[in-house]
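Thanks for passing this one along.

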Amino acid sequence: MNMIDLADVIRDLREELQSAIRAGDGESLRFELGPIELEVSVQLEKSATTGAKVRFWVAEAGAEASARRAGTQLVRLTLQPKLAGTDRSPLVSGRAAPGEE
């Protein structure tokens, strides 16, 4: 089963949100970004070295997922995005569909 570091998942999510914020600049229709609920299956790993930290690996869905499901835990994270240095939620936008404006 392919494993992805949980920090990489969150980093990639942040990059996607930043891209949506940039795409919204100058758009007439914008959305306030509210809480983001992220649900992932993780496996925990702790190496035997002194001072080692526990690592959270996100299990990528695939053919082997059911065979190793017993070793995974479901984790739900609720992320509340804020603009750096402020207490404001970011605004994102997309193209308005007919009748949405």
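**Notes on the fold**

1. Let me start with the overall content: the chain's secondary structure amounts to two helices and six strands. Helices here are DSSP runs of H or I with at least four residues, strands are runs of E with at least two, and both are numbered from the N terminus. Followed along the sequence, the elements give the pattern β-α-β-β-β-α-β-β.

2. A word on the basis. This is a predicted model, in which local features need pLDDT of at least 70 and side-chain atom pairs count only at pLDDT 80 or more, while totals for chains, interfaces and linings use all residues. Residues are numbered from 1 along each chain as its sequence is written, and side-chain values use heavy atoms, with hydrogens and water left out.

3. Of its 101 residues, 21% are buried; buried means under 20% relative accessible area, exposed means over 50%, and partly exposed lies in between (1.4 Å probe, protein chains only). Among contacts between residues at least 6 apart in sequence, 72% join residues at least 24 apart, where a contact means heavy atoms within 4.5 Å.

4. Now the sheet. Four strands make an open sheet in the order β1-β4-β3-β5, with antiparallel pairing; two strands pair if DSSP finds at least two bridges between them. The edges are held by β1 (3-5) and β5 (73-79), each with a single partner strand, so one side of each has no neighbour in the sheet. On average, neighbouring strands are turned by 50 degrees against each other, direction ignored. Axes are lines fitted to C-alpha atoms, for helices over the stretch in contact, and angles run from 0 to 180 degrees between N-to-C directions.

5. How do the individual pairs look? Strand β3 (residues 36-46) and strand β4 (residues 54-59) are antiparallel and share five bridges. Val 42 stands opposite Val 58 in β4, and Lys 46 has Val 54 of β4 as its bridge partner. Between β3 and β5, also antiparallel, there are seven bridges, and Ile 36 stands opposite Leu 79 in β5.

6. Met 3 has Ala 59 of β4 as its bridge partner. Glu 60 belongs to the loop between β4 and α2 (65-68). The C-alpha atoms of Glu 60 and Met 3 are 5.8 Å apart in space, although the two residues are 57 apart in sequence. Glu 60 is partly exposed, at 36% relative accessibility.

7. Next, helix α1 (residues 6-24), which lies across β1, β3, β4 and β5 and runs at about 70 degrees to β1. Its length checks out: at 1.5 Å a residue, its 19 residues should span 27 Å, and the end C-alpha atoms are 27 Å apart. The expected span is 1.5 Å times one less than the number of residues.

8. Asp 5, in strand β1, caps the N-terminal end of α1, with a side-chain oxygen 3.2 Å from the backbone nitrogen of Ala 7. A polar contact is a pair of N or O atoms within 3.5 Å; within protein, one must be able to donate a hydrogen and the other to accept it, and residues adjacent in sequence count only if both atoms are side-chain atoms. Asp 5 is buried at 14% relative accessibility, and it touches Arg 55, Phe 56 and Trp 57, leaving aside residues up to four places away in sequence. Just after α1, Gly 26 takes a positive phi of about 80 degrees.

9. Finally, the loop between β5 and β6 (91-92) holds Leu 83. Leu 83 is partly exposed, with a relative accessible area of 25%. Not counting residues up to four places away in sequence, Leu 83 touches Arg 88, Ser 89 and Pro 90.
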